[in-house]
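Q: Hi! Could you walk me through this one?

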Amino acid sequence: MSADSNLQSEDRFLCSICLDVFTDPVTTSCGHNFCKKCITQYWDVHERCQCPLCKETFNSRPQLKINTFISEMVAQFRREAQQKASSSSSEQQAAKPGEIPCDVCTEDKQETTEKQAEGVIKDLEQEISELMERSSEVEQLSHSEDHLHLLQSFSSLKAALCTKDWTEVRVRPPSYEETVGRAVETLRKDMKKLFEAELKRVQQYAVDVTLDPDTANPDLILSDDGKQVKYGDVKKKLPDNPERFSQCVCVLGEQSFSSGRFYFEVQVKGKTKWSLGVATESISRKGKIRLSPQNGLWTVCLRNGNKYKACAVSLQSGPEKVGVFVDYEEGLVSFYDVDAAALIYSFTGCSFTQKLHPYLNPCNNDDGKNAAPLLITPINLILCEDRLD
């Protein structure tokens, strides 16, 4: 293998300050990597605490933690290099006592070995580069306050991890596959922590939602406090006022929202069918209703006990409590599995021009299998009254 090839493979693991392979690598909030000692000494001798590469300035010196992911990659790279050197030396000494190795055969074997090694390193570089890039993206996202950007970026990261078959890595030794597996698992844990923090952020916009009995279908039973709704066995005789749903077994929240951000949670545990989300004030109250943004409804649904949908998109999540977050100006409606702190689905690019109401549909009883109510659960956060119209 040529010296140029060796240098190229090693460049990915070099600290830009000492120009040597990383020792105790750390990652700054801007996503760049350095030896811990190098960046610490760099900040000690400079007035400003900034990144040597992108020149981003930090108001206070960041607390640096060893990036275990990059440490593993560097250690693996060093082991690969040592094994290749050992293997090359062993082949040169493979001739038996008294035998003289053929120069042509030895040269052919050496060339074949070098080509195989180059392929291994290219594969190794590609996988490590992808994982290092994802690791830096997660680190940067953790500082984002932009909900839409975070959700879009998270979806991209999740898709990349899910579509990549990390078990089909064609490099040796086998320990590399274990290293990549550990790195992927670390990334997944970091992404889960990121979404736990995101869920806490949106929960700060919690509002107190109560159900509006004037909109409830006559087949529905509402609790006295307006927090629960379920399908009843007997159709009640109620006035058919313009606000009431006549055919669809649903109900709206009393509160309406025409600006800002708001969030509420609904327990769906024990149900085989349900729909929930938000609806425009002008939604049709009579006859059948098709759940779609074009008809003024942004919802997720459960049907037949295990089929989740958001419009025509099939979902895999099975939540017991669903969080609904709306950013009116951003045109964003997101649904969360609260207990798992995971995103279920997001509608983006929505254009809201009317007041929005919480929308709940417990569906029919399904021969007693779906008798559990939809329950609006409390969130122990301060209610911001200025978000209510």
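Q: How much of the chain is buried?
A: Of the 389 residues, 44% are buried, meaning under 20% relative accessible area with a 1.4 Å probe and protein chains only. Bear in mind that this is a predicted model, where local features need pLDDT of at least 70, side-chain atom pairs count only at pLDDT 80 or more, and totals for chains, interfaces and linings use all residues. Residues are numbered from 1 along each chain as its sequence is written, and side-chain values use heavy atoms, leaving out hydrogens and water.

Q: Thanks! How many helices and strands are there?
A: The chain has six helices and 15 strands, taken as DSSP runs (H or I, at least four residues, for helices; E, at least two, for strands) and numbered from the N terminus.

Q: And which strands form the open sheet?
A: Seven of them, antiparallel, in the order β3-β4-β15-β6-β11-β12-β13; two strands pair if DSSP finds at least two bridges between them. At the edges are β3 (220-222) and β13 (342-347), each pairing on one side only.

Q: How many bridges join β11 to β12?
A: Six, linking residues 321-327 of β11 to residues 332-337 of β12. Aspartate 327 sits opposite leucine 332 of β12.

Q: Is serine 334 buried or exposed?
A: Serine 334, in strand β12, is buried, with a relative accessible area of 0%.

Q: What does the side chain of serine 334 make a polar contact with?
A: The side chain of serine 346, at 2.7 Å. A polar contact here is a pair of N or O atoms within 3.5 Å; within protein, one must be able to donate a hydrogen and the other to accept it, and residues adjacent in sequence count only if both atoms are side-chain atoms.

Note on methods
Buried < 20%, exposed > 50% of the residue type's maximum accessible area, 1.4 Å probe, protein only.
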